[in-house]
Amino acid sequence: MADEVKEQSNADVSEQNTEKTELAEGKKAIRVNVVADKNAGAKNFIVKFGIHTVCILLALLSIFPFWIMIVNSTRSTVQIQEHALSLIPSTYVIQNFQILTGKSFNPAVGLLNSLIISTGSTLLTVYFSSLTAYAMVAYDWKLKNAFFKFIIGVMMIPAQVTMIGFYQAVYAVGMTNKLSMLILPAIAAPATVFFMRQYLYPTLSMEIVQAARIDGAGEFRIFNTIVLPMMKPAIATQAIFCFVNSWNNLFTPLVLLTDSKKYTMPIMVSLLRGDIYKTEYGSVYMGLTLTVLPLIIIYLILSKYIIAGVALGGVKS
Amino acid sequence: MRKKKTGMVKYGKYGYIFSLPFAIAFLVFQLYPILFTAFIGFTDLKGVVPGEIHVLENPFENFQQVLTNPVFQGALGNTFLIWLCNFIPQLSLALLLTAWFTDRRWKLKGQGIYKVLIYMPNIITAATIAILFKSLFDYPVSPVNDILVKVGILKEAHNFLIGKGMARGLVAFIQFWMWYGYTMLILISGVLGINPEIFEAAEVDGASRWQVFWQITIPNIKTILLFTLVTSLIGGLNMFDIPKLFLLGGPDNATLTTSVFIYNQAFSGSYLYNRAAAASMIMFFIIMFFSSILFLLLREKDTDGKAKYTGVSKKSEKKGGEA
C-alpha cells in the first residue's frame, strides 16, 4: 500500500517535473522567439537603412551634376577657374548671360524654333496616330491585319539609317532649313499608332459608335467628338513623350538645318562645344542651364503623370 | 472577333480612309528615304553639290569599302562595347531596385520621390548632358578635378578625357546614368503586373526573398526582360548625341559609334553620301534582325488577347539615346 502511494507520488512528482521542464522550455522558446524577432527587427532596420542610403545616393547622383551646372552658371569664369566645384551660387548671372548671347548662342531663337517644331509634331502625331488606331479597331477591312503587322515591323526603324536618303530628297526639292520638314513626318509615327491601338482595342465601345450613327453623325465627326475625348489618358501620355522626344532631338535638325535662324535648342547647345566658348566656363554652364531648367521644372510638375506614363507600358514616344 | 459583324462591312472603307494620312506620310517621309538610301549605297553620289548620279560598275563597291574600312569596324566594335558596358550594370541596378521597390514585406517608403529623381536624367536633352559631362570632367578646369585635388586623391588636375578606355567608360556611364531609371520603371510595372496570389503562396510556403526573386519574379517578367534587352540594343546601335558631343568621337576614334561614323561620312566635310548610305544600310539590316525578334515577341503577346503594351521605346529611335 505504502509502496503504491509512494510510487504514485513519485509518479506525480515526476509528472510535475516533466510539466515544469516543459513549461520552462516553453518559456525559453518564447524568449528565444522574442529575441529572434528583435534580431529580425534590428536586421530589417539595418537592411532598410542600407537600402535608403543607396537610394538617396542614387538620387543625389541624379541631381548633383545639374546642381553644379546651375551653381556654376551664376559664377564668373575666374571663380570657376579657382574652384570649379562650389555648392553656393554667386552673382554673375547677368554677365554670364551677356557673354553667352554675345556670341552665337541665341536662346530666344532656339526656344521659339523648338517650340514650333515640338508643338507641331506633337499635335500631328497624337491626332493622326489616334485616327489610324481607330481605323484599325473600329472597322473591318481586308488589309487591317497586314497593316498592323507592318506597323509593328517598322516601329523600330530609327531616323539615323534613313537620313541620307531623306536629306538628299529634301535637298533636291530645296526644303532644307524648312521647319515643316521636321514637323510633317510626325504624321506617321508607327510606335504611337501601336500604343494607341493597344489602348483603344479594349476600351472602345462599338455600341456608342452605333448609337451616334443612328443619330446621324458622320464617321469623321464620331471620331472627333466621341472617340478622341475617350482617348484622353492615352493622348496625354503620348503627347508628353512626343513633345520631349521632339524637343530633345538632335540628329535630324542637325542634318537639315544650316541656317542659324532656324536652329533648335539642342543645336544651340551643341554650339557650346565650339572653340568660341572654350574658356568662357561661366557662360557655357549658363547656356546648359537655360536648356535644362525649363525641362526640369516641367518635369517636376508633371512627374506623377510621366512616371505613370512610363510604367503604363513603358511606351515612350 | 468580339465585335458584331453587322455594319462593319459597309463602313470598311473608312478603315482605308482614316489610315490614309499615315500611309501617305509614311511613304513620303520614311519608306521613300529608306529605298533612296539603299539606292544611293550603290551609286557614286558624293561632293558638296552632287552632280548626276550613276550606279557604280561594281554596285557593291561602297559596301565592300565600308565593311573593310577599319574605322567602320572600330565604330561597330565601339558601339557594341559601349552598349554592353552600360547595359549590364544598367539592368543589374534596375533589377536590384525593382526587387527593393516591389518587396511586399518591406513596403519601402519614399519610393515616389526616388523614382522621380532616378528617372529625371532620362528626359533631359542628351546634347546638354553630353556637354555638361564634358565640362564636369574637363582638363585642367573642372569640378571633378577640383574635388579630387581638394580631397587629396590627385596631386594635380588629371586629363580624364585623353585615355581611350576612360573615354569609352565615361560614355557608357552617361548612357547608364540616363537609362537605368527608365529600365527600372519598366521592370517595376512588369512585376506589379504579376498575380499577387503567386507571391502570397510563396510567402505561406516560407520562401526567402532570394528564392522569391529568382524563382517567381524573374521567370514572370522574362518577356519584359527580353523586350528591354532588344529595345536597348537597338537604341544602343543608334547612339548618337552623347558620343557625338561628349568627345566628338575621340580620343583617337575611341568613342566613335556607327551613327557618328555615318554622320561624319556625309555631313562633316567629306560629303561621301554613298559610303554613308552603304553604312546606313548595313546598320539597317543589323537593326531589322534584332527588330524581328521584337516583332515575334509582340505578335505572340497580342494573340494572348491580354495584350498589355509593354515598353516600346521610340525615344531611342529619335534620340539615338537608349542604350
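Colleague: Is B:Gln265 buried or exposed?

Modeller: This is a predicted model, in which local features need pLDDT of at least 70, side-chain atom pairs count only at pLDDT 80 or more, and totals for chains, interfaces and linings use all residues. Residues are numbered from 1 along each chain as its sequence is written, with chains lettered from A and ligands numbered from 1 in the order in which they are written. The cut-offs are 20 or more other C-beta atoms (placed from the backbone) within 10 Å for buried, 12 or fewer for exposed, and partly exposed in between. B:Gln265 has 26 C-beta neighbours inside 10 Å, so B:Gln265 counts as buried.

Colleague: Which residue is 5.5 Å from B:Gln265, C-alpha to C-alpha?

Modeller: B:Gln265 lies in helix H12 (residues 258–267) of chain B; helices are DSSP runs (H or I) of at least four residues, numbered from the N terminus. Beyond four places in sequence, its contacts (C-beta atoms, placed from the backbone, within 7 Å) include B:Arg275 and B:Ala276. The residue at 5.5 Å, 11 residues apart in sequence, is B:Ala276.

Colleague: Which helix of chain B gives the most to the side that touches chain A?

Modeller: In all, 89 residues of chain B are in contact with 82 residues of chain A. With 21 residues, the one that gives the most is helix H1 (residues 8–40) of chain B.

Terms used
Contact = placed C-beta atoms within 7 Å. Helix = DSSP H or I, 4+ residues; strand = E, 2+ residues; numbered from the N terminus.
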